[in-house]
Amino acid sequence: MSEKQLNHNEIIPEQKNNIKTLPVCLITDGVNDYGNLGMIFRIADALKLEKIYLYNLKKDLNLRLLRKKSRTTSEYVKFEIIEDFSGILSLKKSYNFVILEKTDKSINYTEYIPKLPLCLITGSEKNGVSDDIIKLSDVSVHLPMSGVNTSVNVATAAAVVLYDFNNKINNYE
Ligand SMILES: C[S@@+](CC[C@H](N)C(=O)[O-])C[C@H]1O[C@@H](n2cnc3c(N)ncnc32)[C@H](O)[C@@H]1O
């Protein structure tokens, strides 16, 4: 039997509209690379995340570039720029903070049972998640690394754990 890829228009919109928003948001801490931001937006769209909060941006956000790199998903995914740490503190009042980082206390992401509502926090290629935010952590999770390197790309790491959280959340309901 033949098999073919479905294009955008062949995936039925009504089916997609019935999928609920996942009660998970994401904070990017110091992620300034548009390739990475674009991939993160595509994952957020794919899983219908609640919102992305962009923290520690070096420059004004280039919306045109973000739209291009995110394959237009930046038009559909809710997002907000967090200007200073007080914005992080106010989010902490509403969400469980799950830090995506290898720390001395982090656990394998497969062992974590999502406590909702949750906010996943990812760090930058160079510095990882800021210490100030790690201090606010309810839990830190990591991907085990069996090779030489100590980390994978930020969007890759986010995709792995977010799909895992999505499966866990949907299986408990
Ligand atoms: C390239 S890593 C930087 C990690 C680290 N601070 C370093 O410099 O080795 C960028 C971000 O991807 C995520 N990340 C990458 N690999 C990870 C892993 N194995 N476990 C948890 N998070 C990871 C984290 O959010 C991290 O802040």
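Visitor: Which way do the residues of E6 point, and are they buried or exposed?
Guide: Leu 118, Leu 120 and Thr 122 point one way from E6, and Cys 119 and Ile 121 point the other way. All are buried. Keep in mind that this is a predicted model.

Visitor: What does that say about the strand as a whole?
Guide: E6 covers residues 118-122, and five of the five are buried, so the strand is largely enclosed by the rest of the structure.

Visitor: Which strand is joined to E6 by five bridges?
Guide: That is E1, residues 22-29, and the two run parallel. Ile 27 stands opposite Ile 121 in E6.

Visitor: What holds E3 on?
Guide: Four bridges join E3 to E2, residues 49-55, and the two run parallel. Leu 54 stands opposite Ile 81 in E3.

Visitor: And how many bridges are there between E5 and E7?
Guide: Two, with parallel pairing. Asn 108 has His 142 in E7 as its bridge partner. E7, residues 139-142, also pairs with E4 in the parallel sense, over three bridges. There, Leu 100 has Val 141 as its bridge partner.

Visitor: His 142, then. Which residues come nearest the ligand?
Guide: His 142 is one of them, along with Gly 123, Gly 128, Ser 151 and Val 154. In total, 16 residues are around the ligand. The shell divides into seven nonpolar, six polar and three charged residues.

Visitor: What does Leu 120 touch?
Guide: Not counting residues up to four places away in sequence, it touches Val 24, Leu 26, Val 98, Leu 100, Ala 158, Val 161 and Leu 162.

Visitor: Now H2. What is its span against the expected one?
Guide: H2 runs over residues 34-46, 13 residues in total. From first C-alpha to last it reaches 18 Å, close to the 18 Å expected at 1.5 Å a residue. Its buried residues are Asn 36, Leu 37, Met 39, Ile 40, Phe 41, Ile 43 and Ala 44.

Visitor: Where do Asn 56 and Arg 71 sit, and are they buried or exposed?
Guide: Asn 56 lies in the loop between E2 and H3 (63-69). With 22 other C-beta atoms within 10 Å, Asn 56 is buried. Arg 71 is in the loop between H3 and E3. It has 12 C-beta neighbours inside 10 Å, so it counts as exposed.

Visitor: Which peptide bond is cis?
Guide: The one from Leu 116 to Pro 117, with omega near -10°. Pro 117 lies in the loop between E5 and E6.

Visitor: What about Tyr 95? Which residues is it in contact with?
Guide: Leaving aside its neighbours within four places in sequence, Tyr 95 contacts Cys 25, Pro 117, Leu 118 and Cys 119. Tyr 95 is in the loop between H4 (85-92) and E4. It is buried, with 20 other C-beta atoms within 10 Å.

Visitor: Last one: Ile 133. What does it touch?
Guide: Asp 29, Ile 88, Ile 99 and Ile 121, not counting residues up to four places away in sequence. Ile 133 lies in H5, residues 131-134. It counts as buried, with 22 C-beta neighbours inside 10 Å.

Notes
Residues are numbered from 1 along each chain as its sequence is written. This is a predicted model: local features need pLDDT of at least 70, side-chain atom pairs count only at pLDDT 80 or more; totals for chains, interfaces and linings use all residues. Two strands pair if DSSP finds at least two bridges between them. A residue is near a molecule or strand if its C-beta atom, placed from the backbone, lies within 6 Å of it. Ala, Val, Leu, Ile, Met, Phe, Trp, Tyr, Cys and Pro count as nonpolar, Asp, Glu, Lys and Arg as charged, and the others, Gly among them, as polar. The expected span of a helix is 1.5 Å times one less than its number of residues. Two residues are in contact if their C-beta atoms, placed from the backbone, lie within 7 Å.
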